[in-house]
Amino acid sequence: MNFEAIDLNRLRQELVRLEDTIIFALIERAQFARNSDIYVASDKLPFENYCGSFSTTFCTRSSVPTVRRYTSPDEYPFTAPLPAPILPPMDFPKILMPNDINLNEQLKAIYINDIVPMICRDGDDGNYGSSATKDVEALQILSRRIHIGKFVAEAKFNDPKEHDEYVRLIKAKDRDGIMALLTNKAVEDKLLRRLKRKALVYGQEIEDEEPSTTINGKPANGHAAADNHAVALNPPHLRIPLDVVSNMYERFVIPLTKEVEVEYLLRRLDVPDFKPLASFK
């Protein structure tokens, strides 16, 4: 992400791009069984000098932190302490007010208890390492998507048309008022419709012949099919259920992103002399 200039349109473009990455990450995880044993401490998967689940151990011992991933202002770790990066630090412009907002524990619990069961078949196929690898990839991109909410909040706070109202609500500690002001239901509805279309297109197993796509027995293009719950596909075979991505966004991703925004805005006046070293449009 470009940290030199921030505006809501640019942030929305970044979020749209992340949709593709998230869908493909879920498709990659869905090829393996749920493999529940990797998420709990078990004698079945012991580790020397470590007491915890395979998944947690995998995150802890991953080499990702050593290549300074979590020094970027839009990346947040799932474990601590982190190993020191082996690459020299980068100088990022100060865009966000200093804060310690990190919803990754909450995200991880939702991912294990709700998202994985939505996309993976029940059972144990023994692919623990592959499953954990895909889990880490999916969690990292979901975390990034959710915590970009801080940049969205900063951009909204700096919007001259709404700045004074945000200041008033923050001073009043009006959480519900802030949530109402930052919510754009039309944008959220458009997002959910777009995700259904993308899930239909990206989730297909492409056959040698053009698949026949119908709605109520009549030919339909992919856009109409994804928006209609009466979709009948013959084939293609979907690698993840059609509505799983939009449901995940509606139930978890959008609410967590807005929770990040509200938490950031509630603290925005705690550092009154903070001024972002980036332009906001």
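This is a predicted model: local features need pLDDT of at least 70, side-chain atom pairs count only at pLDDT 80 or more; totals for chains, interfaces and linings use all residues.
How do the residues of the lining of the second largest pocket divide into nonpolar, polar and charged?

Residues are numbered from 1 along each chain as its sequence is written, and side-chain values use heavy atoms, without hydrogens and water.

**View 1. The second largest pocket holds about 230 Å³ of space.** A pocket is an open set of points on a 1 Å grid over the protein atoms alone, where a 1.4 Å probe fits, with protein on both sides within 12 Å along at least five of seven lines; lining residues have an atom within 4 Å of a point. Its lining has 13 residues; Pro 73, Pro 93, Lys 94, Ile 95 and Leu 96 lie nearest the centre. Eight are nonpolar, three polar and two charged.

**View 2. The largest pocket has a volume of about 470 Å³.** It has 21 lining residues, with Arg 12, Leu 15, Arg 145, Val 187 and Leu 191 nearest its centre. The lining divides into nine nonpolar, three polar and nine charged residues. Helix H1 (8-30) is one of its suppliers. H1 gives the most, six residues.

**View 3. Helix H10 (244-266) bends by about 45° at Glu 250.** The bend is the angle between axes fitted to the seven residues ending there and the seven starting there. Of the 23 residues of H10, 18 are buried, so H10 is largely enclosed by the rest of the structure. Buried means under 20% relative accessible area (1.4 Å probe, protein chains only).

Definitions and conventions
Grid points are joined across faces, edges and corners, and a volume is the space filled by probe spheres set on the points. Helices (H or I, at least four residues) and strands (E, at least two) are DSSP runs, numbered from the N terminus. Ala, Val, Leu, Ile, Met, Phe, Trp, Tyr, Cys and Pro count as nonpolar, Asp, Glu, Lys and Arg as charged, and the others, Gly among them, as polar. Buried means under 20% relative accessible area, exposed over 50%, partly exposed in between (1.4 Å probe, protein chains only).
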